[in-house]
Amino acid sequence: MSTSVAKEGKKMRCAVMLKPSKRGSNLLALTSRRSFTFSGSKILDRMAGPTPRQAVRVFDEENNDVTPQPFYRADLRAEPGSRFLVDELSAGSTSDQTTFTGSFTMPFSRSVLDSSRISSQSTTESVNEEMEETFCRRDFPFNLPESLLPDEKRKKGSVKEQMTQALLKGIKDILITETDTISLLDIPPTLVSVNADDADVIIEINKQYSEVCRNRRNNEKYVDRAVQTLNGATKNKQIQNNLMLMVDTATIVSAFEMYAPPEQEVMVYSPEMKQTNDAETIVDSRRSPERSLSLTCSASTVISTCSLKDVETVGSSLNTQVDSERIMTSDKFQFSLLLMERTVLRNNFQSQLAAYRKLPLLQDPDRLVKPKEKEQSEAETSCSPALQCLWVFSCELSRGCRVSSMAWNKKNPDLLAVGYGETDYRNHGPGLVCCWSIKNPMWPERIINCDSAVTTVDFSSNSPGQLAVGMCDGSIAIHNVQSTDNKSPFISSRECAKRHLGPVWQLRWNQQELSFTGEEKVESLYSVGADGRICKWFVINGGLDCTDLMKLKKMNNTLRKTEQNKPEKTAECVLSVLTPGLCFDFHPSDSNIYLTGTWEGNIHKCSCSNGHQFLETYRKHFCPVNCITWCPLHPDVFLSCSSDSTIQLWKQDCINPLLSFTSNQPVGEVRWSPKHATVFSAVNEGQLEIWDLNSSFLDPVIVQPAAPGLKMTSLLFASLTDCVVVGDSDGQVTVYQLQNLHVGESSQDNHMEPAAG
Amino acid sequence: MLTELAHAEETLKRIEGHKGVIGTIIVNSEGLPIRTTLDNSTTSLYARLLCSFTTLARSTVRDVDPQNDLTFVRIRSKKQEILVAPENNYLLIVIQNPSE
């Protein structure tokens with residue numbers, strides 16, 4: 001028995017057969033069978049109830065009786081050790097008399113405990129038998145009719161007595177053995193050590209498997225098959241939940257915001273709202289959040305501030321006033337105003353400015369073209385040379401003042417300086433200089449008030465912001481037009497001792513190359529005045545000082561002297577040895593040579609290096625020479641005009657003029673055209689004349705009469721366009737455009753030469 | 001300070017007197033008109049609309065090139081032209097009818 005059970009323990013799997021046995025009640029067998037779970041033994045049936053009376057015996061495949069034995073066997077009760085155990089068991093069982101199951105679990109637990117603690121000398125099966133028999137024979141203290149086991153009771157009692165007596169008498173030997181280890185759970189590992197015995201086999205198997213896996217894809221032996229799992233029926237369950245409120249917020253971020261922090265965010269956000277009392281404004285601003293575009297933070301903050309409803313009227317008015325002052329005094333506002341004014345005027349003067357700038361004239365599609373205008377435009381498209389008046393520079397300040405001179409800015413060709421002043425010797429009223437811009441024909445950019453009538457103006461080349469103004473009282477002032485402060489001139493020659501005693505008739509900035517440096521151009525201011533001196537001015541100690549370049553001595557007396565061959569005293573003219581110089585002009589290429597025209601009517605060619613002698617004298621005019629100008633396109637040719645109503649064309653090395661042009665009135669100014677070598681313009685009091693040497697020597701090509709009551713006094717050609725600027729005695733500066741002047745571009749030497757001849 | 005204010009006033013008056021100018025509005029940074037020559041409803045309408053339009057225009061310009069900035073806005077319509085000089089803390093609006 002014991003050996004069979006021992007074998008039983010070692011076997012992993014075995015079939016166990018149940019055979020009914022004749023031994024007592026099979027209750028114990030059943031229960032003990034249930035209690036003991038040998039690893040691997042298969043329990044075929046579980047019979048819970050205590051119904052079968054027969055003892056069941058379990059046999060394995062080899063017909064070994066592997067019936068699980070109870071822990072306790074009755075025949076061991078004779079031994080003192082077993083009695084002890086039985087006593088214990090009985091003692092233990094009495095406590096569990098009421099429960100049937102409890103008694104059966106108790107021996108089981110006991111057996112487990114026994115395996116670690118004190119146990120009987122016999123193996124478990126002997127204990128089983130012992131227990132079995134004990135339970136069979138003695139009375140079941142648990143719900144079993146006592147009638148079944150009456151005799152066991154008696155026997156149990158006797159056993160009890162014997163045991164206690166025996167125990168008390170002597171020392172008993174107790175043998176302690178350890179039961180076999182009962183495996184409750186055995187999961188063998190899937191890892192096998194390389195050093196194990198069957199490692200090689202396993203490795204081989206693994207290799208084969210991996211091969212199979214690799215070849216599986218292309219191998220016909222292996223077919224993929226899908227298996228469908230059965231899904232259980234779904235069961236719907238409904239729950240209820242609180243509603244979650246969702247709020248959508250969105251914003252659009254543009255690259256602009258990410259690039260720089262929006263400056264508008266640094267706005268003054270005042271809790272009390274500034275709002276006008278207009279109800280409509282409030283309504284509008286309240287409606288705006290709904291349809292606002294969240295473009296920038298500034299826009300949203302504007303709208304959010306507008307949507308507040310508190311209004312503080314007192315605070316609001318103060319705030320807006322402070323705001324307006326702050327805004328209007330800022331520099332940016334001034335610039336914005338300037339820009340705005342120019343834009344507005346550009347809209348108004350769009351056609352004229354386009355003509356000036358030689359841009360194609362765009363027809364405004366929305367503008368209603370009146371039939372009158374159509375006729376006019378048709379009439380104007382004639383082919384004869386004509387002047388078209390574009391606009392007039394005029395403002396209330398300059399009204400009534402006589403235009404004495406004009407000058408273009410060297411750097412900004414849109415800037416025109418106009419000097420106003422009555423230059424009659426009778427009244428020396430205050431003068432005015434206005435700097436006009438083409439972009440604003442209605443109001444000058446700068447207004448400079450001068451103490452005395454302005455006779456001449458000129459812009460500097462080196463420092464284009466400096467404007468030299470010559471005045472009737474002989475003083476010269478240099479103003480800086482870049483600064484908006486027009487109160488005081490930059491430099492003035494008032495305090496200079498050597499200033500001109502009479503009106504300064506002409507000023508010129510001239511650049512001269514210093515011989516030793518070569519490249520550098522030093523610019524100096526030259527002036528010619530009524531006292532007959534030509535001076536070179538330079539800045540010393542914040543003031544102007546001059547050196548005399550030339551003294552214009554009277555020539556005619558000497559001339560008469562030589563003609564008459566009489567020794568005449570020069571005592572007649574001892575009062576004024578010098579004759580007033582009225583104009584002068586430097587040679588365009590050789591800045592050392594200049595021409596000057598005098599009151600006497602002589603034209604002297606002088607050199608800056610020689611202050612005593614004239615290089616050349618040209619005599620033709622017998623009246624004061626009003627203007628001299630070199631031809632910019634042809635060297636050695638110059639024009640002079642004089643009050644004797646003639647214009648003379650000279651060549652530098654020729655004493656006598658090449659050509660003579662007559663006009664009907666004293667010619668005030670004459671100018672060469674900067675573009676066409678054969679075109680020049682002259683202005684006298686009654687009209688403006690445009691001469692073209694190509695077409696006629698006798699008559700001007702275009703004659704523009706002055707408006708009645710006005711005298712034209714000053715003339716300038718516009719440098720970049722074919723326009724002429726004419727100043728008159730009423731303070732108006734008119735811009736004319738030359739039209740249909742058929743002049744070839746290559747008109748330089750080839751036209752001059754035949755004329756010279 | 002005072003002369004600047006006077007100068008600004010004078011220039012503004014000059015602009016208002018030019019041919020075709022219907023009205024001028026100066027709007028501060030919050031979109032409220034602080035000076036106007038038009039009636040209240042028109043002023044508030046123009047101020048509100050042009051404020052947002054100008055910010056849109058400015059953000060367009062700066063999105064294309066972040067180093068650029070808006071200097072002037074001209075809206076030409078059939079009947080008039082709206083000129084806006086935008087700055088950080090104000091808007092100068094002039095409405096002109098150029099074809100008069």
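**Exercise 1.** State the mean pLDDT of chain A in this predicted model, and locate where confidence is lowest and highest.

*Solution.* Begin with the average: pLDDT, the predictor's confidence in each residue on a scale from 0 to 100, has a mean of 70 in chain A, where 61% of the residues reach 70 or more. Next, turn to the elements, where helices (H or I, at least four residues) and strands (E, at least two) are DSSP runs numbered from the N terminus. Confidence in chain A is lowest in helix H10 (residues 297–306), with a mean of 39, and highest in strand S5 (residues 415–420), at 90. Finally, look at residues 22–52 of chain A, where pLDDT stays under 50 and the model has 73 contacts beyond four places in sequence, a contact meaning heavy atoms within 4.5 Å.

As this is a predicted model, local features need pLDDT of at least 70 and side-chain atom pairs count only at pLDDT 80 or more, while totals for chains, interfaces and linings use all residues. Residues are numbered from 1 along each chain as its sequence is written, and side-chain values use heavy atoms, leaving out hydrogens and water.

**Exercise 2.** Describe the elements of chain B and the share of its residues that count as buried.

*Solution.* Count the elements, which come to two helices and five strands in chain B, and then follow them from the N terminus, where the order reads α-β-β-α-β-β-β. For burial (under 20% relative accessible area, with a 1.4 Å probe and protein chains only), the share is 51% of the 100 residues of chain B.

Methods:
Chains lettered and ligands numbered in written order. Buried < 20%, exposed > 50% of the residue type's maximum accessible area, 1.4 Å probe, protein only.
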